[in-house]
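User: Please take a close look at one strand and its partners. Start with the whole chain, then zoom in.

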Amino acid sequence: SQGYYAEGLGVSENDPLKAYFSFGDIVYQTLDGGKNWYPYCSGYSVNNTNNFVWGPDGRIWFAFVDKGIGVADEPYGNGVYPTARMLYGDAGISHGTSGNIIINPKNTNDMLSNLGNWSTGDYVRTLDGGKTWTYLTDENGKKIHGAIGQGAYYPEKNIIYTSSYTSYDNGKTWQKNDRNFIVSPVDKNVIYSVTEREVYRSDDCGKTFVEIGTPVSSIKGYMADCHDAKTFWVGCYDGTIVKFEDTKKTTFGEANGLSSWGGVLYTITTLGQDPKNKDHLVAGGKCTRQGLKSPGLYETWNGGKTWEIVPGMPGTKIFTSLVFSPVSDEIFIGTCSNGTFIYEYNNYKKYTEGILTKMRQYLNRFAEGQTMQGGVMSNPINEAVQQRVINRTFVHEVPHTCPIHTRIINHHVYRHTYRPQYTCSEENTVSNVQCGSCCQFR
């Protein structure tokens, strides 16, 4: 077998034929002394996941961080969470981070993904429903390397969109995009593109683009609306969320429930939208201060007018994916540091609404004096006032000013020293020496 991180073995104290061991992220169990092993957990709950994709047969495909591509062993539904397995070795692919998996809606055996690092990877494609995968290469035999992003198949025009490359002949050849592509799930002729500050839209399959707006802060997350092709959502560094409806821009911020958390900016890195309700959205992100967890998951039921943190959802360093299940009222939540969570939003909503309804009914009955639990609520009788004493201590700081004057006296001392100072002069003297006289010559 092949896998990640084979750990220790644990044998039951009560049954020597029963044992457990972890292999990768899956706990296995044997009941016959090791002759046969069976998965004992889902296999993906502790993994970091970039995206969840539902196949036509109901099975979930997983774009894992570091672990590559995974797939559920059985269709998902009715609260049953089947086990998942990674595709290594026999499938023709290796480990690596998968950014996303896209499926051809006209030929569901045709899928495209990538394997590499956190942002880009080598493109891989399967034509047999994921049994075997092939690395895609260019005309020079070099592996095509880029980001899948929010790409899509457009089989009616033989187009395959990805964030970095696009094929206009069903994958025979690929050309590099001059900007990132984000495909509208409503109309695949509509392509969005973002820079750090600008949002662009193309209505002709990415051939030409026009700028539709700029948010106040830098763009860190984005999503094409799944109900309206002319609507686009952006998550920003400063924690705001911007909705573009054609060229109309609406910014949701602190007044709508989005704000910094504990004085630290909460950057929005990913968004999700309910395919059954255009006004139901969720958003998540990270704290800009390194090492801190985010406050949790934002949710709105009115198209972004008000956002609230979902109580009980643990904070995480980074939210990587928020995907609404097409077969249940659940959101699959991928994180960078806390594995996978599943949020049953309608059950939670019914639970909270039920509590509020009971509280309103109780208060109304109490106010109206209606029958409660077999009795009648009468007017209250005022008893004698009892005194409660609460001692509170207030510490007041009273500053006192103590004037202190510093006087500085400068003493000047003159110290006399002596040293010689030499001078020099020069003069010329003349002496005559007589070596005879003229009288000596005759």
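Analyst: The protein has one helix and 34 strands. Keep in mind that this is a predicted model. There are 442 residues, and 40% of them count as buried. The accessible surface comes to about 27,400 Å². Carbon and sulfur atoms account for 49% of that surface.

Now zoom in on strand S6, residues 60–64. Is S6 enclosed or open? Five of its five residues are buried, so S6 is largely enclosed by the rest of the structure. Buried here means under 20% relative accessible area. Look at where the side chains go. Ile 60, Phe 62 and Phe 64 point one way from S6. Trp 61 and Ala 63 point the other way. Both sets are buried.

Next, the partners. Strand S5 covers residues 49–54 and pairs with S6 in the antiparallel sense, over five bridges. S5 and S6 form a hairpin with five residues between them. In that turn, Gly 58 has a positive phi of about 90°.

Strand S7, residues 68–72, also pairs with S6. This pairing is antiparallel too, over four bridges. Here Ala 63 has Ile 69 of S7 as its bridge partner. S6 and S7 form a hairpin with three residues between them. Asp 66 sits in the turn, with a positive phi of about 75°.

Compare this with another part of the chain. In soluble globular proteins, nonpolar side chains tend to be buried together. The largest nonpolar core has 23 residues. Ile 241, Leu 297, Trp 307 and Ile 333 have the most contacts inside it. Strands S26, S27 (277–287), S30 (319–324) and S31 (331–335) each supply at least two residues of this core.

Thr 270 lies in S26, residues 266–274. Its relative accessibility is 8%, so Thr 270 counts as buried. Among its contacts are Ala 283, Phe 319 and Leu 322.

Leu 9, Val 11 and Trp 37 make a nonpolar patch of about 290 Å². Trp 37 is in the loop between strand S3 (26–30) and strand S4 (38–39). Trp 37 is partly exposed, at 31% relative accessible area. By contrast, Trp 61 of S6 is buried.

Key:
Residues numbered from 1 in each chain as written. Predicted model: local features only at pLDDT ≥ 70, side-chain atom pairs only at ≥ 80, totals over all residues. Heavy atoms only, no water. Patch = residues over 30% accessible without salt bridge, like charges linked within 9 Å, V, L, I, M, F, W, Y side chains within 5 Å. Areas by Shrake-Rupley, 256 points an atom, 1.4 Å probe, with all protein chains shown as cover. Salt bridge = Lys/Arg side-chain N within 4 Å of Asp/Glu carboxyl O. Buried < 20%, exposed > 50% of the residue type's maximum accessible area, 1.4 Å probe, protein only. Contact = heavy atoms within 4.5 Å. Core = buried A, V, L, I, M, F, W, Y, C linked by side-chain atoms within 4.5 Å. Pairing = 2+ DSSP bridges. Lists of a residue's contacts leave out its neighbours within four places in sequence.
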